[in-house]
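Let's take a walk through this protein together, one piece at a time. Keep the sequence and the 3D view side by side as you read.

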Amino acid sequence: MTTATTGIPVRPASVGTAHTRIEGRDKVTGAAQYAAEVPFTDLAHGWLVLSTIARGRIRALDTDAVLAMPGVLAVLDHRNAPRVETDYVGFLGKPDPTCAVFQHDRVPHLGWPVALVVAETSEQAREAAESLVVHYEQEPHDVEFRGDHPDAYPVDAIMPAVTGKGDLEAALAASAVVVDAEYTTPEEHHNPMEPHAATAHWDGGRLELIDSNQGATWVLGDLAKLFSLDPASVRVRSEHVGGGFGSKGVRAHQVAAVMAATVLQRPVRVVLTRRQMFSLIGYRSPTTQRVRLGADADGRLRALEHRSLSATSTVHEFVEPSAGVARVMYDAGAHHTANRVVRLDVPTPTFMRAPGEAPGSFALEAAVDELAEKCGIDPIELRLRNEPDKGPVSGLPFSGRNLAACFREGARRFGWADRDPRPAVRRDGRWLLGTGTAAASFPSGAAPSTATATAHPDGTFTVRISAADIGTGARTALTLVAADALQVPPERVHVRIGDSDFGPAMLAGGSMGTRSWSWAVQAAGGELLERLALGTDIPPEGITVRSDTAAAVGALTPAERHSFGAQFAEVAVDVTTGEVRVRRMLGIFAAGRIVNPLTARGQFLGGMIWGISMALHEEAVRDRASGGPVGADLAGYHVATHADVPRIEADWIEDTDPDDPVGIKGIGEIGIVGAAAAIANAVWHATGVRHRNLPIRPDRVLSARAGAPDA
Ligand code: MOS
């Protein structure tokens, strides 16, 4: 290849070619060190003690007995722990005071941190923590999430709580076909493989945290604010992260570790147990959603209402914004959406992969399927007839909306044209068979980031950016982006991530990580190449340039920016046992330029498999009596495993984002969006029963009668 104008050879692009993970060998051989594995001399171990009541007050802690136990160095609780500042605005807004541990004697939910026991060994700390007797003054609690809870209220969080245009009731009355249905999704947990773990230590007046998180800049900023420190005197390192899904932000264990390291002037490590994670790392709130659709006989929408209720804690407002998806997907003359919350005596929920879109798309895309059935129109055709030409609520143009192309390509590959629309008419032995589809979307954003690129005399390059690879393959993707920016093979580029000393950068979240970081990496690489073109000799320390994308990101013109996708599923339902098996799935996505097809496919498939899990398995049950989760472990909390994952394919269509320097939109979360709806719609097609409550458990299948909704 040569450039058209100069004839100078140009390297073929590395972006777009499959590349195995750069750190893959280190990970599978155990050479990669995770946060709890980094060795320290003089390391002490902290163990959190969590409340055994769901609401009340700590009356007393019998710490003397525990302090006399072998190896115990200290017990921190609300009486002696360092004070922290919680009145600030952090990277993601006002902090959840849950992470400001040991500041008062109130207990707002079961599993609230009440003390940290620090000892010479982890075993000694655990033994002592589990022996600590805490006396409580218990108060009545309410953990029961109900759709008609009288205390629900709208909250403007992440997005406005309420949007509305047109006369909804009039439009519904004028509609030839109306769907009015309530959908529920349960409490869901996003426990990553690697538990949350942090080691804090003071090093020459500087606080260092070895952590497992989704953004070193984020965690550094909040720790500096909490402890009133100059951000320059804090360093957060998080080199390898064994999964995050939204759960790895600023949490109790990091703050407790910093407190203990400060008090003891020793390195202190705090690792959460799987059981503790069910109380301390956030989760997805249950939702109750009401969707009302009104359409003309040809399926064109006149009325759309999507109302969602989720739960939050008594100490912090977090909204699962499920109604937001309707603001992007479909327009109608009367269009109303609302996100509301109710405060319960439960832990604060948090971002969990595709917050809002995952449960919201289940309700909306199932309702659209019901509308298609009532109109007697193919569900893909009905969606195509309702493609909006601008943002239904914002009125802004779409920066690219290739949903129709996803459906066309997906329908072709899935064999949709041969589908008999009638429900409950296909049988394979004891199995009823059905197929379903649903649309997917997820916002495509970019946030300011900085990166450095260094040229070394030996012809290699080092790129440094405070990115987080939480298992997505971000490090590898950034290497490909850097290689293209520097016009060299990827083997000559060494990308270093996960260190706040590399400068501020976006976190791995909102499907914005790789996009935001790539922007900065490309800018740094391009500028370095220009510097090198001047022909200067490279000194031993190399030549380094730094990029900052704040201005470029800020110059993006307002638009509806999203990735889109079409999900397809085929299921088999045994109506004598209630078992639902997914037989095959296909997802076709329009999600910007795909940097590394190998890891991108894994990212899409992982989301789709999570959709199987969401549709059929996942459900955390809260015990009304204790206020805590029943079976807080991965034995009782069912997730999809290999036997549940059948023929499953993800692919994409050309969708380069012209407003992004690398063409990326972001693919972190869209894989799960719509996946549960496609499966639920397929279960209807198989059985004739609409399952509006997730998960579609065997008992729900058994108790449902054909033609009637489930209980
Ligand atoms: Mo994602 S829920 O923004 O980590």
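In which strand is the place of V573? Look at β23, the strand that runs over residues 562–574. (Strands here are DSSP runs of E with at least two residues, helices are runs of H or I with at least four, and both are numbered from the N terminus.) Before we go on, keep in mind that this is a predicted model, where local features need pLDDT of at least 70, side-chain atom pairs count only at pLDDT 80 or more, and totals for chains, interfaces and linings use all residues. Residues are numbered from 1 along each chain as its sequence is written, and side-chain values use heavy atoms, with hydrogens and water left out.

Back to V573: this residue is buried, with a relative accessible area of 0%. Buried means under 20% relative accessible area, exposed means over 50%, and partly exposed is in between, using a 1.4 Å probe and protein chains only. Leaving aside residues up to four places away in sequence, V573 touches R430, W431, L432, E579, V580, V683, A686, T687 and V701; touching, or contact, means heavy atoms within 4.5 Å. V573 and D428 are 145 residues apart in sequence, yet their C-alpha atoms are 9.7 Å apart in space.

R408 is exposed, with a relative accessible area of 54%.

Among the buried ones are W218, L220 and L223. The cover over them includes β11 (206–211), β12 (234–237) and α6 (252–264). Just after α5, S228 takes a positive phi of about 50°.

Next, helices that pack against each other. Two packed helices are described by the angle between their axes and the distance between the axes. The axes are lines fitted to C-alpha atoms, for helices over the stretch in contact, and angles run from 0 to 180 degrees between N-to-C directions. Start with α12 (residues 474–486) and α13 (residues 513–533), which pack at about 30° with axes 8 Å apart. That makes α12 roughly parallel to α13, because angles under 35 degrees count as roughly parallel, over 145 as roughly antiparallel, 65 to 115 as roughly perpendicular and the rest as oblique. The residues of their contact divide into 11 nonpolar, five polar and no charged. (Ala, Val, Leu, Ile, Met, Phe, Trp, Tyr, Cys and Pro count as nonpolar, Asp, Glu, Lys and Arg as charged, and the others, Gly among them, as polar.)

Finally, find α16 (residues 675–687), which packs with α15 (residues 597–616) at about 50°, the axes being 7 Å apart. That makes α15 oblique to α16. Their contact is made by residues including M608 and I612 of α15 and I679 of α16, and it has eight nonpolar, one polar and no charged residues.

Helix α16 also meets α9 (residues 357–375), with axes that come within 8 Å and cross at roughly 35°. Here F362 and E365 of α9 are among the residues that meet α16, whose side includes N681 and W684.
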